[in-house]
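Here's a quick tour of how this chain is put together. Have the structure open as you read.

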Amino acid sequence: MRKIGIIGLGHVGAALAYTLVIKGITDELVLIDKTDRIAYAEKLDLENAQIGLQTHTQITIQDYCQLRDAAIVIIASAEKTPTSRSEIAIKQQQNQQMLAKLAPQIMASGFYGILLNMTDPCDVMSTELQRLTNLPQQQVFGIGTLLDSMCMQRTIAETLFVSPQNVQGYMLGEHADQQFTAWSTINVNTQPIANVLGRCKLDYQALETTIQQRAEQIITGKGYINYSVATAIILVIQAIFSDAHLLLPLSSWDPLHQVYISQPTLIGRPGVLRIIDVALTANEQQAFEQAASSIQHKLMAEKATALP
Ligand SMILES: NC(=O)c1ccc[n+]([C@@H]2O[C@H](COP(=O)([O-])OP(=O)(O)OC[C@H]3O[C@@H](n4cnc5c(N)ncnc54)[C@H](O)[C@@H]3O)[C@@H](O)[C@H]2O)c1
């Protein structure tokens, strides 16, 4: 039996629950939100939706004990959707306090599966979540720059008139605040992007700006991102269930910097299998170091404000 838990049934959690149900990816789904009526309404709506499906998903709500034998729990709870990426930092303290309440309840159930964190600031909160649950680092990670990398694939694909699937490579660093396009990792139609851009005389800086603006435009436009992020989470869930050994830019533990940071991460049934070292250019390595410092700084600021 495949069992998944979702904590936080806002825009992301609800879109994810719907996608899991209509694709028949999980046999059991545990839905938890701080508001009972939201969880109850989502259960009824998803149960009605199943009348038109050939698959069945058993849905239970508001019961942390049900997480005991879940394979994966997705943390999609937040105090309030940030309306801009800069607001994410302001929400950090509230979200940290929220995770401090959730984590003991998850662990009290006897849960020993994989925790996938969505809550922003993603790298900081993933670090916190591992500390709070004390689960092995292999079993805790965040969505990191996966969605941002999808934005990069789409932007480059549209510019060069190719399928986004023909664009491989990563956005790395700290999701939202200090993320960067690792140009040296990007191939288009198997060619290094440097060759392709050189031929088309395209400007890296202009392209980087368009990539970075893509997610921001969605957030300013409708106030949140849900469909694309739900798809990104489904990709991770299926890689875990099928033990795919898939390489994705996720927020995983970096022993050198002692933080979670978005880096190329190999995913399979146990969770993180290993981090893949990519040869970055000197500038990209510097951007990665800055991202690590930014995450460390936010964690230290959090500790300082937590003191009595
Ligand atoms: N990394 C990414 O690419 C990415 C993309 C989209 C969203 N996000 C992040 O995902 C998180 C969720 O986004 P959203 O748009 O769904 O937010 P939202 O505000 O729509 O939903 C949050 C939900 O969490 C619930 N909640 C709050 N406190 C809770 C608690 N203690 N226990 C259980 N539930 C609780 C709220 O009731 C609400 O339903 C945010 O932190 C957002 O920034 C990350």
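Let's begin with the ligand: the residues of the shell around it split into 17 nonpolar, 9 polar and 6 charged. Here Ala, Val, Leu, Ile, Met, Phe, Trp, Tyr, Cys and Pro count as nonpolar, Asp, Glu, Lys and Arg as charged, and the others, Gly among them, as polar.

Keep in mind that this is a predicted model, where local features need pLDDT of at least 70, side-chain atom pairs count only at pLDDT 80 or more, and totals for chains, interfaces and linings use all residues. Residues are numbered from 1 along each chain as its sequence is written.

Out of 32 residues around the ligand, Gly8, Gly10, Val12, Ser77 and Asp120 come nearest; a residue counts as near if its C-beta atom, placed from the backbone, lies within 6 Å of the molecule. H1 and H3 are the elements that give two or more residues to this shell. Helices (H or I, at least four residues) and strands (E, at least two) are DSSP runs, numbered from the N terminus.

Now for the domains, whose bounds come from an automatic or database domain assignment. Both domain 1 and domain 2 give residues to the shell around the ligand, so the ligand lies between them.
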